[in-house]
Amino acid sequence: MAKRTVLVTGATRGIGRELVKQLRELNFEVFATGRDEALLESLKAETGCLGATCDLADAGAAVALYKKAHSALGQIDVLINNAGFNSGKDPVVEVTTEQIDASYAINFRAPFLLAREALKEMGACKSGHILNVVSTIAKTSMENYSAYTTMKYALHGFTQCLIKEARQVNVKVTGIYPGGTDTDFRLEDRPDYMKPESAAQMIVQCINAPDDVVVHELVYRPIIETNF
Ligand SMILES: NC(=O)c1ccc[n+]([C@@H]2O[C@H](COP(=O)([O-])OP(=O)(O)OC[C@H]3O[C@@H](n4cnc5c(N)ncnc54)[C@H](OP(=O)(O)O)[C@@H]3O)[C@@H](O)[C@H]2O)c1
């Protein structure tokens, strides 16, 4: 059987890096991306994945990345829109225009553009799987996280629409809603949060669901999380 192929964004650190390791162990062909060249090269050396750096804040670069990954892999069976960031805790009155624009570009526009490109290809083949890593923040709300929360709600809304369009062409779509995970995403260590390998393992389970099953939403948290 041909190896399944995956494009993973946000692969240099955290959940995405663990995803690449686990998918490579399961014999997937993986194209990994992030901005940090040294981290990407070490991941390629460690796992044998393919990859290229890309700043997803640049819309044109995001679309070009899809084409680059497609030509490197031959086809893309699975897209994992995992890259995301939060600039920190800021009350609404202190959020800058630049922070709003950056959060929009990376947390919402880039996954939309990559999913659009993927659906064109996958829809034509009548197979494929797009996974958008949202957050449990899109199931609640918190003070001082307004820009990030707003963009994750937007990604949640987009994912719900995508599910309905993609199913018409036999393409699976999964919204992933992890809770607190102990990664570089936050400055302080949180050993009571989920390990990135655990968060990644749950996503891999959705990719490996039986052919006749699609997981539309996966919501999971560390046991200590109670803000819902
Ligand atoms: N950690 C949590 O508690 C948590 C909870 C819920 C949801 N999530 C979501 O899970 C996903 C992964 O987060 P994580 O915790 O693994 O975070 P992380 O450790 O900070 O990793 C984030 C990844 O995104 C990439 N990235 C950030 N900005 C980018 C840009 N402009 N262009 C390209 N790549 C960019 C980073 O790569 P470079 O640094 O190399 O650019 C890195 O590989 C995110 O979507 C996040 O919102 C996280």
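Biologist: Which helices each supply at least two residues of the shell around the ligand?
Modeller: Those are α1 and α5. Keep in mind that this is a predicted model.

Biologist: And which residues come nearest to the ligand?
Modeller: There are 30 residues around the ligand, and Thr12, Arg35, Tyr148, Thr183 and Arg186 come nearest.

Biologist: How does that shell divide into nonpolar, polar and charged residues?
Modeller: The shell around the ligand has twelve nonpolar, eleven polar and seven charged residues.

Biologist: What lies 2.6 Å from an oxygen atom of the ligand?
Modeller: A polar side-chain atom of Thr183 does. Thr183 is also one of the residues that come nearest to the ligand.

Biologist: What about a nitrogen atom of the ligand, which residue has a polar side-chain atom 2.9 Å from it?
Modeller: That residue is Asp55.

Biologist: Is the Phe185 atom that is 3.3 Å from a ligand oxygen in the backbone or the side chain?
Modeller: In the backbone: a polar backbone atom of Phe185 is 3.3 Å from an oxygen atom of the ligand.

Biologist: How much of the ligand's accessible area does the protein cover?
Modeller: The ligand has 890 Å² of accessible area on its own, and the protein covers 96% of that.

Biologist: Which space does the ligand take?
Modeller: The ligand takes the space of the largest pocket. That pocket holds about 1400 Å³ of space. It is lined by 47 residues, and Gly84, Phe85, Asn86, Phe185 and Arg186 are the closest to its centre.

Biologist: Which elements each give at least two residues to the lining of the largest pocket?
Modeller: α1 (14-25), β2 (29-34) and α5 (146-166) each do. The largest share comes from α1, with three residues.

Biologist: How do the lining residues of the largest pocket divide?
Modeller: The lining of the largest pocket has 18 nonpolar, 18 polar and eleven charged residues.

Biologist: New topic. What volume does the second largest pocket have?
Modeller: The second largest pocket has a volume of about 510 Å³. Of its 24 lining residues, Arg4, Ser127, Gly128, Lys172 and Asp211 are the closest to the centre.

Biologist: How many nonpolar, polar and charged residues line the second largest pocket?
Modeller: Its lining divides into ten nonpolar, seven polar and seven charged residues.

Biologist: How many cavities of 30 Å³ or more does a search of the whole structure find?
Modeller: The search finds one. The largest cavity has about 100 Å³ of space.

Biologist: Which residues lie nearest the centre of the largest cavity?
Modeller: Asn86, Ser87, Gly88, Ala147 and Tyr148 do, out of 14 lining residues. Asn86 is also among the residues closest to the centre of the largest pocket, and Tyr148 is among those that come nearest to the ligand.

Biologist: And which helices each supply at least two residues of the cavity lining?
Modeller: α4 (97-125) and α5 each do. The lining of the largest cavity has five nonpolar residues, eight polar and one charged.

Terms used:
Residues numbered from 1 in each chain as written. Predicted model: local features only at pLDDT ≥ 70, side-chain atom pairs only at ≥ 80, totals over all residues. Heavy atoms only, no water. 1 Å grid on protein atoms, 1.4 Å probe; cavity = no way out; pocket = protein on both sides within 12 Å on 5 of 7 lines; lining within 4 Å. Points joined across faces, edges and corners; volume = space filled by probe spheres on them. Helix = DSSP H or I, 4+ residues; strand = E, 2+ residues; numbered from the N terminus. Nonpolar A, V, L, I, M, F, W, Y, C, P; charged D, E, K, R; others polar. Near = heavy atom within 4 Å. Polar contact = N/O pair within 3.5 Å; in protein donor to acceptor, adjacent residues only side chain to side chain. Areas by Shrake-Rupley, 256 points an atom, 1.4 Å probe, with all protein chains shown as cover. Sits in = over half its atoms within 2 Å of the grid points.
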